[in-house]
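Open the model in your viewer and keep the selection tool ready. We will go from stop to stop, selecting a few residues each time.

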Amino acid sequence: MKLSKSFELGLAVIVVIAKQPDNSAISAKEIAGRLQSSLTYSQKLLRKLVIAGLIKATSGSGGGFTLSRPAQQISLADIVVALDGNPISFTSTDLFRAATGPTSLDKTHHAFQTADLVWRQVLSQTTLADILQ
């Protein structure tokens with residue numbers, strides 16, 4: 001399964017937030033600075049993480065971003081879905097069906113669906129806390 005480059009930066013963003021002492025808030029500007037990334041791009045990813053309910057934003061003095069729940073309750077699958085949607089590894093086209101026939105297409109679909117299921121199970125069982133250890 002190939003994830004986007006945005007996913008890697010988004011994962012780094014949530015890791016920076018999770019590493020804050022006592023779940024203290026951190027600004028988008030500070031996150032972008034630590035990761036040496038564009039502030040605008042970091043803000044785009046932060047928005048996706050907020051919309052997904054993985055982090056929360058607080059405005060005002062001392063505001064910034066914090067985890068919305070403990071790192072033990074945020075799975076890698078949650079982060080993938082927040083940043084990249086629900087990717088699937090194989091979608092068929094008429095070209096493949098013409099080259100292989102319907103039986104091969106069914107077998108190929110089954111193999112990739114099984115791989116996707118295993119991939120999602122592993123990511124669902126791995127938490128943000130696990131990768132921070």
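**Before you start.** This is a predicted model, in which local features need pLDDT of at least 70 and side-chain atom pairs count only at pLDDT 80 or more, while totals for chains, interfaces and linings use all residues. Residues are numbered from 1 along each chain as its sequence is written, and side-chain values use heavy atoms, with hydrogens and water left out.

**Stop 1: the core.** Select I14, I17, L67, I79 and L128. These have the most contacts inside the largest nonpolar core, which has 30 residues. A nonpolar core is a set of buried Ala, Val, Leu, Ile, Met, Phe, Trp, Tyr and Cys residues joined through side-chain atoms within 4.5 Å. Buried means under 20% relative accessible area, exposed over 50%, and partly exposed in between (1.4 Å probe, protein chains only).

Now colour the elements that give two or more residues to this core: α1 (5–18), α2 (28–35), α3 (39–51), β2 (64–67), α4 (76–84) and α7 (128–132). Helices (H or I, at least four residues) and strands (E, at least two) are DSSP runs, numbered from the N terminus. Which helix gives the largest share of the core? It is α1, with nine residues.

Zoom in on L128. Leaving aside neighbours within four places in sequence, L128 is in contact (heavy atoms within 4.5 Å) with I14, V15, A18, L67, A71, I74 and I79.

On α1, pick L9, A12, V13, V16 and I17; they meet I31, R34 and L35 of α2. Seven residues of this contact are nonpolar, none is polar and one is charged. Here Ala, Val, Leu, Ile, Met, Phe, Trp, Tyr, Cys and Pro count as nonpolar, Asp, Glu, Lys and Arg as charged, and the others, Gly among them, as polar.

**Stop 2: α4.** Select L76, A77, I79, V80, A82 and L83. These residues of α4 are buried. Step just past the helix to G85, where phi is positive, at about 75°.

Stop 3: Select residues 55–58, strand β1, together with β2. The two run antiparallel, joined by four bridges. Strands pair if DSSP finds at least two bridges between them. T58 has G64 in β2 as its bridge partner. Five residues lie between the strands of this hairpin, and G60 in the turn has a positive phi of about 95°.

Next, find Q36 in the loop between α2 and α3. Q36 is exposed too, with a relative accessible area of 74%. Phi of Q36 is near 50°, again positive without being glycine.

Finish at T127, in the loop between α6 (102–125) and α7. T127 is buried, at 13% relative accessible area. Not counting residues up to four places away in sequence, T127 touches A71, Q72, I74 and S75.
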